[in-house]
Amino acid sequence: MRLFGIGDTHLPSTRQKDMHRFGWTDHPLPLQRAWDERVRPEDVVIVAGDISWATRAHEVMDDLAWLDARPGRKVLVRGNHDYWWGDSASKLRKLLEPFRTLEGFLHNNAVVMGPWVIAGTRLWTAPEAPPMPGGEMGDEPSDAGYVERETRRLATSLEDARKKEQASPTPLTRIVAVHFPPVYANERSTAFSAPIEAFAPKVCVYGHLHAGGISAGFTGDRGGVKYVLASCDAAGFTPLLLDEQ
């Protein structure tokens, strides 16, 4: 079984919001071709936020169907543009119920998928972030309240992962999936990087960064964790292999 990650699918929703102005030609067709060629039905795919341009639940159904049609079992993470997500886990569970391959989501919890326990949350721009390009696809400004809230949500998810590990009859490999970068290329520790590295996952996958902002994200090994940037354009519109067991 293999674990993949892809972020920022930015599917059009019923609002028909395309990505041509950002240089994403014929999106999501290149992603669809690469996904269908690379991923097998038994594999797991983390979709690391900014899934759809939908702002309401009824606008996202075609995009969820598109994801459901792709091979693999999916785990969803909320991004800063996922306004359709809402604040209730029970409502989200009901929304995803018709789509059999959308098996898990991170909402103050962790999920077990095969040999992996996956924890995480959306996060937000940390104060340690370097300046990045602005605009609709640029970075969100840091906000102390958002950072504090997401730090709490991350702690809740990591704790749930530990509980699920204890309840598992077999050892599980720890994975963290978030949307915003938990650490940047300047490698300054953040409120997010410290608990993630203390949790000691094998991989931390994130998205959010695009175009000129891609180089601002840290990738590689740090504190015993492999950080992977999997936003669509950073990943070459191809799900990235994170682990294989």
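## A mixed sheet and its salt bridges

Strands β5 and β6 (residues 116–119) run antiparallel to each other and are joined by four bridges. Within this pairing, Val-112 sits opposite Val-117 of β6. Keep in mind as you look around that this is a predicted model.

Let's zoom out to the sheet. It is an open one made of six strands, in the order β5-β6-β7-β8-β10-β9, and its pairing is mixed. At the edges you'll find β5 (110–113) and β9, each of which pairs on one side only. On average, neighbouring strands in this sheet are turned by 25° against each other, ignoring direction. As background, the strands of a sheet pair through backbone hydrogen bonds, and they can do so in a parallel or an antiparallel way. There is a helix here too: α4 (residues 144–167) lies across β5, β6 and β7, and runs at about 160° to β6.

Now for the other end of the sheet. How many of the five residues of β10 are buried? Four of them are, so this strand (residues 225–229) is largely enclosed by the rest of the structure. On one hand, β10 pairs with β8 (residues 203–206) in the parallel sense, over four bridges. Cys-204 has Tyr-227 in β10 as its bridge partner. On the other hand, β10 pairs with β9 (residues 220–222) in the antiparallel sense, over three bridges.

Side chains of opposite charge can pair when their charged atoms come close. Searching the whole structure turns up 17 salt bridges. Here are three of them, with the N to O distance for each:

| Salt bridge | N to O distance |
|---|---|
| Asp-18 and Arg-21 | 3.7 Å |
| Glu-42 and Arg-40 | 3.0 Å |
| Arg-222 and Glu-187 | 3.7 Å |

Take the pair of Arg-222 and Glu-187, whose side chains meet in a salt bridge. This pair links distant parts of the chain: Arg-222 belongs to strand β9, while Glu-187 is in the loop between β7 (173–177) and α5 (193–199), 35 residues apart. Glu-187, at 41%, counts as partly exposed.

What about the other two pairs? Asp-18 comes out as partly exposed at 36% relative accessibility, and Arg-21 is partly exposed at 46%. Glu-42 has a relative accessible area of 39% and is partly exposed; Arg-40, at 36%, is partly exposed as well. Arg-40 and Glu-42 also belong to a network of salt bridges that links them with Arg-2 and Asp-43.

One last stop is Val-60. Where does Val-60 lie? You'll find Val-60 in the loop between β2 (44–48) and α2 (61–69). Val-60 has 0% relative accessibility, so it counts as buried. Leaving out residues up to four places away in sequence, Val-60 touches Ser-52, Ala-54, Trp-84 and Leu-95. As for Gly-79, 19 residues from Val-60 along the chain, the C-alpha atoms of these two residues are separated by 14 Å.

Terms used. Residues are numbered from 1 along each chain as its sequence is written. This is a predicted model: local features need pLDDT of at least 70, side-chain atom pairs count only at pLDDT 80 or more; totals for chains, interfaces and linings use all residues. Side-chain values use heavy atoms; hydrogens and water are left out. Helices (H or I, at least four residues) and strands (E, at least two) are DSSP runs, numbered from the N terminus. Buried means under 20% relative accessible area, exposed over 50%, partly exposed in between (1.4 Å probe, protein chains only). Contact means heavy atoms within 4.5 Å. Two strands pair if DSSP finds at least two bridges between them. A salt bridge is a side-chain nitrogen of Lys or Arg within 4 Å of a carboxyl oxygen of Asp or Glu. Axes are lines fitted to C-alpha atoms, for helices over the stretch in contact, and angles run from 0 to 180 degrees between N-to-C directions.
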